[in-house]
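These notes are meant for a colleague opening the model for the first time. They go through one chain as a whole, then the contact between chains, then some local features.

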Amino acid sequence: MHNISNLFLKIASSFIFVLLIISTYYLLIPKNIFFLFLKFIFIIPTITLLVNLLNLIPKYLLYQLSKIFAAVVMVALIVVSYLSSKRKPDNVSELYTDFTWLINWPKWLDTPFMHWINKGWRSFIADYGVIFDAIGYGLLRGYTELKTVIVQAPWPVVIIGVIAITYFTSGRKLGTTVFVGFCTFFIGFLNPRFWDKAIETTTMVVIGIAICIVIGIPIGIAMARSEKVRNAILPILDTMQVIPAFCYLIPGIILFGLGAIPAIISIFIYACPPLIRLTDLGIRLVDKEVIEAARSFGASKKQMLLGVQLPLALPNIMQGINQCTMMALAMVVIASMIGTRGLGDEVLLGLQQLNVGAALEAGLAIVLLAIVLDRMTQAYGEKIQERTQPTKKKK
Amino acid sequence: MPKIEIKNVYKIFGNSPTEVLPMVKSGANKEEVLEKTGHTVGLDNVSLSIEEGETFVCMGLSGSGKSTLIRHLNRLIDPTDGDIIVDGTNIMELDEQQLIDFRKHELSMVFQRFGLFPHKTVIENIGYGLEIQGKEAEERRKLAMIQIESVGLQGFEDQYPSQLSGGMQQRVGLARALATNPEILLMDEAFSALDPLIRSDMQNQLIELQAKLKKTIVFITHDLDESLRLGDHIGILNGGRLVQAGTPEEIIMSPADDYVEAFVKDVNRAKVLRAKTVMIKANEFNSNEIKLADVFKVDEGSYIEQFLPKVLADRCTVMVVDKKGDTKGYITEKELAISLSKDGYNLK
């Protein structure tokens, strides 16, 4: 949002800003979904106005103010941690008579983040758990329907289906098709039990990837378009990729219950970042002169995106989907720890029984599944690349 | 009324260009501004006008702001200050939708590295402007085929750009620009990426097309020979400033400063100068000095290189005549010597 220059507008906006702050504050009190949405509606203009008002302050002053603000927050945190600690000295004066607290990290110098998060989490579940129930129910329904259809189909039909899909997506490459068909057959051939489990795993992965695509690609596009959005989203992506899977598996269980749904959610958290990054990168790497050419002919933003940017970024996006698939499969195995069925479950079972053969057999089945999914997405990406950027001259 | 008019355009690149603008306006040069504020001056008070149907060549070394200037004409880059008037409309006042319409119909652009869409075939590339205009596929194909023929690329319409050579790719770029039938053609170093033979071939093709179509062409180049060959009018940019604008003869005969002089130093004058510019007017010439039998008639528009061999072989005097056959002036060996030497005009 550009700077407000008019003085009257400045005053008016500050007035509205104060009103919004007050109204959002009061909206914090009644807790149900309707008010949550209302709050979101209010929060966005509040933030834009806040940014606008901050822009009114000269930059150097803002910099100084932010330093002071950070210092105040730091001091407040230390004081709060001291006051809320149970193991603080009886009297504050002990701190400057007895300096032993300088040697080992003092017990009272400990921010109560854990308590805050737990407290917030509990009230969050109590108030808004319904939303997650709804999401979970929707996902579970889709997952069960899809799974049942494939599981009930005779296995030769499934193999033929996989072969047919590969044949057409790979642009009628016979070698890839035969290889993929063979791998699919071998999953069941390893152990008849694996067939249904592999289908369960695949269904989870497919739904996970579908969510990644639906959410990830638009975010990637938004990032490529705006520097600000990119700066805001990049740290979130870093967090999503680095944070250990168990940190969100456990809240996942609380929100969605045991089974496939928390696994799908974890797949999204774990596998979406590379897709977002590659979409963003793909669009930004499109030749600047090609973009200028499209603009010089009067292409609108939409025509540019659909006609030029996305088609040229497609090889990169396909690579992102491929990465997404691989990471999703890795996550499915970890998710077996929270009771997700599927091939990961077999690996876990083998480990628990110290049955090396069973664990390895299941591991091999996962590798085969990975190869099948990889070849299918990869082959499609290559086909697109050939169509959009032919390198060899046609004879 | 000029077709394109650029009035006092400034362009400053950096974080807060408007704050630096007064400094640039007060006459600080590019280096000073960069040193003091970290901003780069792209264009510094550029004003020029381009007439309908002429080829205006904008010349300068890299970094002189010529590519920035041409992008102002369709507002791929917005100026920091100044007005750009095309066909009587100030394009700085257009809103987003009007700007898109303006780009769709009024002008089109040819790029240095072609800027073709690698995922579209040749014919789809050429029809892109029409596609954006909302024309039906059939009409698009028809109009694109006409352009393919005019640039001589028949048989390649279903190939992809990467399957073509550089020269052919630029022909596609040219055809794409012409397909929407714009009045103004912007060519940003259009032939710089081509090898010399193909380049001169393309120059000929452009001259031929221009003779037929009579578009207003703004051509950017860093090659003086190219600009002299194509341009009706040449503007020379240095450090964002327009140092000289004029006809090729004016640039060669009276360079405005050292920069332009260095530019024109190595040019082949016989190729550029015309009989009418080097002649002595008939009334100032003492025709008793020559024998009429030795006189050789040339048209006033012909270049020196066209009659120089004849003069050298026969030791004759040249009589310059206009289209009707009236005598306009004379050229003797002395005039040739003066006009062809690098510092000849100082002798005068």
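1. Helices (H or I, at least four residues) and strands (E, at least two) are taken here as DSSP runs, numbered from the N terminus, and on that basis chain B holds 17 helices and 14 strands. This is a predicted model, in which local features need pLDDT of at least 70 and side-chain atom pairs count only at pLDDT 80 or more, while totals for chains, interfaces and linings use all residues. Residues are numbered from 1 along each chain as its sequence is written, with chains lettered from A and ligands numbered from 1 in the order in which they are written.

2. The C-alpha atoms of chain B fill a box of roughly 70 × 55 × 35 Å along the principal axes. Of the 348 residues in chain B, 40% are buried, a residue being buried if 20 or more other C-beta atoms, placed from the backbone, lie within 10 Å of its own, exposed if 12 or fewer, and partly exposed in between.

3. The contact between the chains takes 20 residues from chain B and 20 residues from chain A, where two residues are in contact if their C-beta atoms, placed from the backbone, lie within 7 Å. On the side of chain B that touches chain A, helix 4 (96-105), strand 6 (107-110) and helix 6 (128-133) each supply at least two residues, and the largest share, four residues, comes from helix 4 of chain B.

4. In chain A, helix 7 (residues 192-225) packs against helix 13 (residues 343-352) at an angle of about 125°, with their axes 7 Å apart; axes are lines fitted to C-alpha atoms, for helices over the stretch in contact, and angles run from 0 to 180 degrees between N-to-C directions. Among the residues that meet there are Phe194(A) and Lys197(A) in helix 7 of chain A, and Leu343(A) and Asp345(A) in helix 13 of chain A.

5. Helix 7 of chain A also has a kink of about 25° at Gly216(A), shortly before the proline Pro218(A), the bend at a residue being the angle between axes fitted to the seven residues ending there and the seven starting there.

6. Two loop residues deserve a look. Leu354(A), in the loop between helix 13 and helix 14 (356-388) of chain A, has a positive phi of about 50° although it is not a glycine, and it counts as exposed because it has 8 C-beta neighbours inside 10 Å. Arg75(B), in the loop between helix 3 (66-73) and strand 4 (81-86) of chain B, has a positive phi near 55° and is partly exposed, with 17 other C-beta atoms within 10 Å.
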